[in-house]
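Let's take a walk through this model together, with the coordinates open beside the text.

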Amino acid sequence: MLELQHVHSFYGNIQALKGVSLTINEGEIISLIGANGAGKSTTLMSVCGIVKPRSGKITFQGQSVHHLPADQIVTLGISQVPEGRHIFPHLSVRENLDMGAFLRTDKDGIKRDLDYVFSLFPILEERSGQAGGNLSGGEQQMLAMSRALMARPKLLLLDEPSMGLAPLIITQIFDIIKKINKEQNTTIFLVEQNANQALQISDRGYVIENGKITLTQNAADLMQNPAVQKAYLGI
Ligand code: ATP
């Protein structure tokens with residue numbers, strides 16, 4: 001479904017990705033794990049068109065996307081839940097959700113997806129008239145995920161969904177990620193510092209270090225890998 005080939009991405013003179021190659025198959029949950037500053041967020045932002053790779057190739061369902069503007073990439077079926085959520089704090093919950101469907105015209109489909117996100121997160125329906133900025137951190141994460149789902153993505157990019165949340169909420173968020181994958185057949189590309197919980201719901205994982213992919217294995221094998229245990233699982 002998604003293929004990155006030798007992607008090099010920069011911020012000015014700073015090279016964040018140094019030839020990243022990876023593949024994601026339809027229906028998979030894939031984790032990208034790595035230390036602070038390793039290049040995880042830059043990988044996601046290169047996929048969704050916010051950072052333009054200086055060289056290399058990104059293809060989505062066989063179509064080359066690395067030169068496309070971000071809105072066209074959303075229309076093709078890739079949505080991102082950014083690190084830090086970035087909901088619209090002054091808009092209501094419902095308006096935040098409407099923004100997620102901004103590029104769509106299929107009213108019936110939008111209504112179905114609204115019902116679906118409210119079934120995943122009933123609290124959002126209860127709070128639909130409240131300003132997004134008044135929600136708790138966990139609820140804002142739910143809103144950010146729901147807003148991304150309102151674009152009806154085939155591929156959902158999640159950047160640190162567990163960041164700053166209480167353990168109970170984290171478990172709930174990971175359960176829902178798995179549920180979205182199963183029920184909507186949404187392929188998931190997950191970036192996490194919380195490698196343990198991310199790998200537990202993943203099919204495969206990639207390790208990124210200093211802008212380069214250094215390891216890829218089935219999630220179960222990665223969790224048993226002594227180097228991964230030491231560096232990322234705190235074992
Ligand atoms: P974290 O978990 O801390 O978010 P990360 O693995 O997601 O880390 P990136 O945010 O992709 O890493 O950063 C990769 C490299 O690019 C780092 O060296 C970082 O300092 C640098 N970088 C990221 N964003 C910018 C920016 N806007 N301007 C300059 N350098 C940046």
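Four strands make up an open sheet, ordered E2-E1-E4-E5, with antiparallel pairing. The edges are held by strand E2 (14-24) and strand E5 (63-64), each with a single partner strand, so one side of each has no neighbour in the sheet. Strands here, like helices, are DSSP runs numbered from the N terminus (E, at least two residues, for strands; H or I, at least four, for helices), and two strands pair if DSSP finds at least two bridges between them.

Before going further, a word on the ground rules: this is a predicted model, in which local features need pLDDT of at least 70 and side-chain atom pairs count only at pLDDT 80 or more, while totals for chains, interfaces and linings use all residues. Residues are numbered from 1 along each chain as its sequence is written, and side-chain values use heavy atoms, with hydrogens and water left out.

Now turn to helix H6 (residues 137-149). How many of the residues of H6 are buried? The count is 12 of 13, so the helix is mostly covered; buried means under 20% relative accessible area, exposed over 50%, and partly exposed in between (1.4 Å probe, protein chains only). Among the buried residues are Gly138, Met142 and Leu149. The buried residues of H6 pack against several elements, including strand E6 (78-81), helix H4 (107-120) and helix H7 (167-184), where contact means heavy atoms within 4.5 Å.

Methionine 99 is placed in H3 and counts as partly exposed because its relative accessibility is 37%.

Finally, look at two loops. Most residues other than glycine have a negative phi. Histidine 86, in the loop between E6 and H3, has a positive phi near 50 degrees; at 54% relative accessibility, this histidine counts as exposed. Asparagine 185, in the loop between H7 and strand E8 (187-192), also has a positive phi, of about 50 degrees. At 43% relative accessibility, asparagine 185 counts as partly exposed.
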